[in-house]
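The sequence and the structure are shown first, and the description follows.

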Amino acid sequence: MTGLRVAVVGGGIGGATVALALERHGVDVAVYERRDSVPPVGSGLGLAGNGYRVLEDLGLGPALDGTGAPLATMRMLSADGTEVAHYDTGRLLGMRRADLIRIVLDGVGPSVVHHGRECVAVEVDTGPPVVRFGDGSCAAADVVVVADGLRSRCAPVVAAPPALRPAGTSALRGFVSADGLPEHLATGQNAWLGPDRHLLCYPVDRHGTLNFAAFVPRPAGSADEWSFRVDPEVVRDAYAGWDDDAGAILDRASEVYRYDLADRDPFAPWTRAGVVLLGDAAHPMLPHMGQGANQAIEDGAILAALLAEAEGAADVTERLATYEATRKPRTDRIQRQSRRNGERFSRARDLTSGDDSAPTEDLSWVYGYDAPAAGRAAAARLRAS
Ligand SMILES: Cc1cc2nc3c(=O)[nH]c(=O)nc-3n(C[C@H](O)[C@H](O)[C@H](O)COP(=O)(O)OP(=O)(O)OC[C@H]3O[C@@H](n4cnc5c(N)ncnc54)[C@H](O)[C@@H]3O)c2cc1C
């Protein structure tokens, strides 16, 4: 035991992972999540090899394998359905976001997660940091991990993050049943790229549920809200005249949500006076590499490995700085490349005539990264210094 008390603000995938990793190291941790429970449905995401490796190291491999859908291949198609590339995606699991969070939280002791606790401020002025909640209560800790997402309320206690940068793109997302669809649509990933928009579909469970994310230019004059339910005709209209396979999926959509995409430029610092940023609160990125959640998971492994060896509250400053120094070059690069991919996808024209919009570069530096090993190495360096 380190004797440290760690409070995590936000019980999304990043907050849940760091809590589980800390608990496995014997650190006293509490998670404060504003929602009353894990949402029953949510959207889909791809758990890539680099994120999977962390959760497998935490003993969650069997639960993940029993729940998610293995996505071994990706077919890239032009808007008319011509196949322009077909490649192996390695170890990638399609999952419902809610299933993923539930699996990680199930691994954490039940007394660790406090739902229905909205943090309104983190104070660092005197002594150890204090988390203040909307109901007037508070919690003191030696370290506060701010994992409250893209629109982080608490990050400004550490840094002045640059303004959110709207991407000018919306994602229209939903689930449909794959029942009766041909095998090539019901398994693996299919991505259609066309003029100024693209559509991604993949299964998210072992019961024939497909997730779709349809990226379209953000409609002009839309409300300031960033996530809301829309009429399913919106997504069907946006892809009218595209490949019949794409139409067959979108015709089944009955519940569609629109997310207006945004990121921020990389910023620093991530840590101040015992408070540290993690996940989207630290490095909000566009979804065009499918890495936001995977990077939050990596953050959790490395932060926990460093804090696990802290000799009390007086020994956290250098550990938090080492976490930032270990993580930031990698997340900066992925933030920038995700933005570039978005620009590249939205100018996709005719893939069949040699357009360069289909990603072909070697991404083993992303998926092959071993965060548990990197965390152990960072902790060993501190031990030796
Ligand atoms: C269209 C789309 C597709 C995506 N696809 C992928 C993908 O395939 N793979 C991938 O890796 N990533 C993907 N992402 C990105 C991924 O969803 C995020 O990067 C990831 O969810 C970040 O995790 P997080 O824990 O940092 O933040 P979040 O998931 O946003 O969690 C933050 C948590 O904090 C809580 N919270 C917020 N404020 C407070 C407060 N004041 N007090 C207490 N709790 C609070 C929230 O309720 C939430 O539970 C996608 C994103 C989008 C928009």
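Helix α2, residues 49-57, lies across β3 and β7 and runs at about 75 degrees to β3. Helices (H or I, at least four residues) and strands (E, at least two) are DSSP runs, numbered from the N terminus. The angle is taken between N-to-C directions on a scale from 0 to 180 degrees, with axes fitted as lines to C-alpha atoms, for helices over the stretch in contact; contact means heavy atoms within 4.5 Å.

The model is predicted: local features need pLDDT of at least 70, side-chain atom pairs count only at pLDDT 80 or more, and totals for chains, interfaces and linings use all residues. Residues are numbered from 1 along each chain as its sequence is written, and side-chain values use heavy atoms, with hydrogens and water left out.

## The open sheet

Strands β3, β7 and β4, in that order, form an open sheet of three strands with antiparallel pairing. Because β3 (44-48) and β4 (69-70) stand at the edges with a single partner strand each, one side of each is left without a neighbour in the sheet. Two strands count as paired if DSSP finds at least two bridges between them.

Two bridges join β4 to the antiparallel strand β7, residues 92-96. Here A69 stands opposite G94 of β7.

## The hairpin of β9 and β10

Strands β9 (residues 119-123) and β10 (residues 130-133) pair in the antiparallel sense over four bridges. E123 has V130 in β10 as its bridge partner. Six residues lie between the strands of this hairpin, in which G127 takes a positive phi near 65 degrees.

## The surroundings of the ligand

The ligand is surrounded by 30 residues, of which the closest are G14, E33, G46, R97 and D280; a residue is included if one of its heavy atoms lies within 4 Å. By class, this shell has ten nonpolar, eleven polar and nine charged residues. Ala, Val, Leu, Ile, Met, Phe, Trp, Tyr, Cys and Pro count as nonpolar, Asp, Glu, Lys and Arg as charged, and the others, Gly among them, as polar.

An oxygen atom of the ligand lies 2.7 Å from a polar side-chain atom of E33. A polar backbone atom of G46 is 2.8 Å from an oxygen atom of the ligand. The elements that give two or more residues to the shell are α1 (13-24), β2 (28-33), β3, β13 (165-177) and α8 (292-307). Helix α8 provides the largest share, three residues.

Notes: A polar contact is a pair of N or O atoms within 3.5 Å; within protein, one must be able to donate a hydrogen and the other to accept it, and residues adjacent in sequence count only if both atoms are side-chain atoms.
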